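Please read the points in order, with the structure at hand.

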Amino acid sequence: MITEPAFPDKLTGPGWWEVRGIAWSGRGKIAKVDISVDGGKTWQPAKLDEPVLPKCHTRFRLPFEWKGGEATLMSRATDETGYAQPTLDVLMAARGPATAYHFNHIRAWKVLADGSVKFAGGA
Amino acid sequence: MKRRVWLAACGLRLGILGLGLLLAVPVLTISVRADQAAAKPQASSPKPAARLGIGRVATPDEIKKLDIDVMPDGRGLPDGRGTAAEGQAIYTAKCQSCHGANGAGGSAERLVGRESGPNFNFATDPKLVKTVGNYWPYATTLYDYTYRAMPFMQPGTLSSNETYSLVAYILALNKIVPEDAVIDQASLPKVVMPARDRFVIDNRKGGRVVK
């Protein structure tokens, strides 16, 4: 999950910012984390900070250029077994519409045109 | 300095639990390394406390105070006993303001209720409310959770007898044990919860499948 930028942060202007967050898995090490800044249309691999240890929080980071306007930030973790963090739709389809516990789907933050950052659920 | 500020902000954002996890991870890492160091006497690095210049080895008494987990089969349950009648008085004083009279209708989670649909179909019926009575697979967990986390504003203040009494009261309200049942280390693990057989072993082994 992305922890920066996140509510109540405000991007003070267009330019290069860093997306940061933490990823973890119950089944081993984090193999990679992909970041999308366009609501899941395209993804780029983030850099993982050492140490990367099984079942432990793993820090990730990636610079992104905010050009002003709206941007939807998402992170998708993949662990060493190949399990990739699902979207909300995929998780609900697998578990049922009223499921609530262990919600490990991809979360989104929306950067608004004024630079403020709002939680955007599964976007 | 900047990094510290970020960590503090992140902890606030994730709440106390998040901060706890952030702090807990390095501690766990250290203890694992300590075990590995102990297993290899030839290792030259000193114990973590000395190497890092912080902390000391916890005493058995300190560990005992923190070692409060209760397993589903009842391992970890302490001495003590309680009944629903004793539990009702404690519930009224310490629980009812959030959980409501008789375990329902308050601002906090509903504790009492056996409605579960034809097949305990919580995944597909959004109107079903999960309660201790219709959802929890093990009665022993009720002891663990109550003793560990309740009352919400004063966790850790209940005695073993008070906790057993509250457990007896909640189970009796759910009509899972008789109103005069004595709940203790021996009787609690024998209580069979209605949803017990509705849970399956997690058979996920990793890989791409989403379950």
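1. L111(B) is placed in the loop of chain B that runs between α5 (96-99) and α6 (132-135). The model is a predicted one, and the remarks below should be read accordingly.

2. Is L111(B) buried or exposed? Its relative accessibility is 15%, and a residue is called buried when this value is under 20%. L111(B) therefore counts as buried.

3. Which residues surround this leucine? Leaving aside residues up to four places away in sequence, L111(B) touches Y91(B), H99(B), G103(B), T131(B), V132(B), G133(B), I170(B) and N174(B). As for D79(B), 32 residues apart from L111(B) along the chain, the C-alpha atoms of the two are separated by 25 Å.

4. The largest nonpolar core deserves attention next. It comprises 28 residues, of which L171(B), V177(B), L188(B) and V191(B) touch the most other members. In chain B, at least two residues of this core come from each of α4 (84-94), α7 (140-149) and α8 (160-173). The greatest contribution is that of α8(B), which supplies eight residues.

5. L188(B) may be examined as one example from this core. With residues up to four places away in sequence not counted, L188(B) is in contact with L77(B), A139(B), T140(B), Y143(B), Y164(B), V167(B), L171(B) and I183(B). There is also a second, separate core, made up of 21 residues, and L11(A), A46(A), A71(A) and V117(A) are among them.

6. The two chains also meet each other. At their interface, 25 residues of chain B are in contact with 29 residues of chain A. Together the chains bury about 2100 Å², and carbon and sulfur atoms account for 58% of this area.

7. How many salt bridges cross the interface of chain B and chain A? The rule finds one. D202(B) pairs with R27(A) in a salt bridge whose closest N and O atoms are 3.3 Å apart.

8. Sorted by class, the side holds 12 nonpolar, four polar and nine charged residues.

How values were computed: Residues numbered from 1 in each chain as written. Chains lettered and ligands numbered in written order. Predicted model: local features only at pLDDT ≥ 70, side-chain atom pairs only at ≥ 80, totals over all residues. Heavy atoms only, no water. Core = buried A, V, L, I, M, F, W, Y, C linked by side-chain atoms within 4.5 Å. Buried < 20%, exposed > 50% of the residue type's maximum accessible area, 1.4 Å probe, protein only. Helix = DSSP H or I, 4+ residues; strand = E, 2+ residues; numbered from the N terminus. Contact = heavy atoms within 4.5 Å. Buried area = accessible area lost by both parts, 1.4 Å probe. Salt bridge = Lys/Arg side-chain N within 4 Å of Asp/Glu carboxyl O. Nonpolar A, V, L, I, M, F, W, Y, C, P; charged D, E, K, R; others polar.
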